[in-house]
Amino acid sequence: GRLDTDNISNRRYFEDSLFMGDSLMEPLSLYEYLPPSNVLAFKGRNTKTALQDVQAITNLNPARIFLSYGMNDLNLTSDPEVFGGDYGNLIKQIKLTKQDAEIVLLSILYVSDAAIAEQPSLARSRVDDFNQIIEQLAQDNDLVYLDITSLTEDGRLYEADGIHPV
């Protein structure tokens, strides 16, 4: 699928969108880019623990749902296939809960070299492997895959942890 962003303003476009994810998504509401009702994101969330957020989708009734998971899964499992199974299950539950929502899968962002030195599981090669799984999930489920890794290309500023972009 493709997003039709040509004929609609950003504010209007995201008005009926829901952003689900981990601490990388939290700032969308913390810094008031979007109202809290448009964001279901929590520090430490992964594709397993996010299952507890699915029921809330019913009340929010979004037209499209952006999913941003994987950063915490990189530490949770060494196997991209296990991650794929967990993410696939999460997608299935979301689709069962909100059948008519457009679902967009966001790629995992790269982290700084310093963060990789502290947490080798966040290495770019692993992020690439996990992103390939996300892209495949999008294809298999007829969803949109959005590669946003360019947001964290060389020279990008990070918070002190080297993981969260500024």
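Predicted model: local features only at pLDDT ≥ 70, side-chain atom pairs only at ≥ 80, totals over all residues.
User: In what order do the strands of the open sheet lie?

Analyst: The open sheet has 5 strands with parallel pairing. Its edge strands are S2 (39-41) and S5, each of which pairs on one side only. Neighbouring strands are turned by 20 degrees against each other on average, direction ignored. The order is S2-S1-S3-S4-S5.

User: How many residues of S1 are buried?

Analyst: In S1, Ser17, Phe19 and Gly21 point one way while Leu18 and Met20 point the other way, and all are buried. In a regular strand, side chains alternate between the two faces of the sheet. Strand S1 is therefore largely enclosed by the rest of the structure, the count of buried residues being 5 of the 5.

User: Over how many bridges do S1 and S3 pair?

Analyst: Serine 17 stands opposite arginine 64 in S3. The pairing of S1 with S2 is parallel and has 3 bridges, with glycine 21 opposite alanine 41 in S2. Strands S1 and S3 also pair in the parallel sense, and the number of bridges is 5.

User: Is arginine 64 buried or exposed?

Analyst: Arginine 64 is found in strand S3. Its side chain makes a polar contact of 3.0 Å with that of aspartate 16 and another, of 3.4 Å, with that of glutamate 102. The threshold for burial is a relative accessible area under 20%. Because the relative accessibility of arginine 64 is 11%, the residue counts as buried.

User: At about what angle does H5 run to S3?

Analyst: Helix H5 lies across strand S1 (17-21), S3 and S4. The buried residues of H5 are Phe83, Gly84, Asp86, Tyr87, Leu90, Ile91 and Ile94. What covers them includes S1, helix H3 (56-60), S3, H4, S4 and H7. The angle between H5 and S3 is about 160 degrees.

User: Which residue caps the N-terminal end of H5?

Analyst: Helix H5 has 18 residues and reaches 26 Å from its first C-alpha to its last, close to the 26 Å expected at 1.5 Å a residue. At its N-terminal end, a side-chain oxygen lies 2.8 Å from the backbone nitrogen of glutamate 81. The residue that supplies this oxygen, and so caps H5, is aspartate 79.

User: What arc do the buried residues of H7 cover around the axis?

Analyst: In H7, the buried residues are Arg126, Val127, Phe130, Asn131, Ile133, Ile134, Leu137 and Ala138. They lie on the same side of H7, because the arc they cover is only 155 degrees.

User: Which exposed residues does the face of H7 turned away from its buried side carry?

Analyst: The buried residues of H7 pack against helix H4 (71-76), helix H5 (80-97), strand S4 (102-106) and strand S5 (144-146). The face turned away from that buried side carries the exposed residues Gln132, Gln139 and Asp140.

User: How far apart are the end C-alpha atoms of H7?

Analyst: Helix H7 comprises 17 residues (124-140). At 1.5 Å a residue it should span 24 Å, and the model agrees, because the end C-alpha atoms are apart by 24 Å.

User: What is the relative accessible area of phenylalanine 14?

Analyst: Phenylalanine 14 is found in helix H1 (residues 10-15). Leaving aside neighbours within four places in sequence, it is in contact with Phe19, Leu34, Asn38 and Phe66. Phenylalanine 14 and alanine 63 are 49 residues apart in sequence and 9.3 Å apart in space, C-alpha to C-alpha. Phenylalanine 14 is partly exposed, with a relative accessible area of 25%.

User: Which residue's side chain is joined to that of threonine 149 by a polar contact of 2.6 Å?

Analyst: Threonine 149 lies in the segment after S5 and, at 9% relative accessibility, counts as buried. Not counting residues up to four places away in sequence, threonine 149 touches Ser107, Ile108, Leu109, Tyr110 and Asn131. The polar contact of 2.6 Å joins its side chain to that of aspartate 147.

How values were computed. Residues numbered from 1 in each chain as written. Heavy atoms only, no water. Helix = DSSP H or I, 4+ residues; strand = E, 2+ residues; numbered from the N terminus. Expected span 1.5 Å × (residues − 1). Buried < 20%, exposed > 50% of the residue type's maximum accessible area, 1.4 Å probe, protein only. Arc of directions from axis to C-beta. Contact = heavy atoms within 4.5 Å. Pairing = 2+ DSSP bridges. Axes fitted to C-alpha atoms, helices over the stretch in contact; angles between N-to-C directions. Polar contact = N/O pair within 3.5 Å; in protein donor to acceptor, adjacent residues only side chain to side chain.
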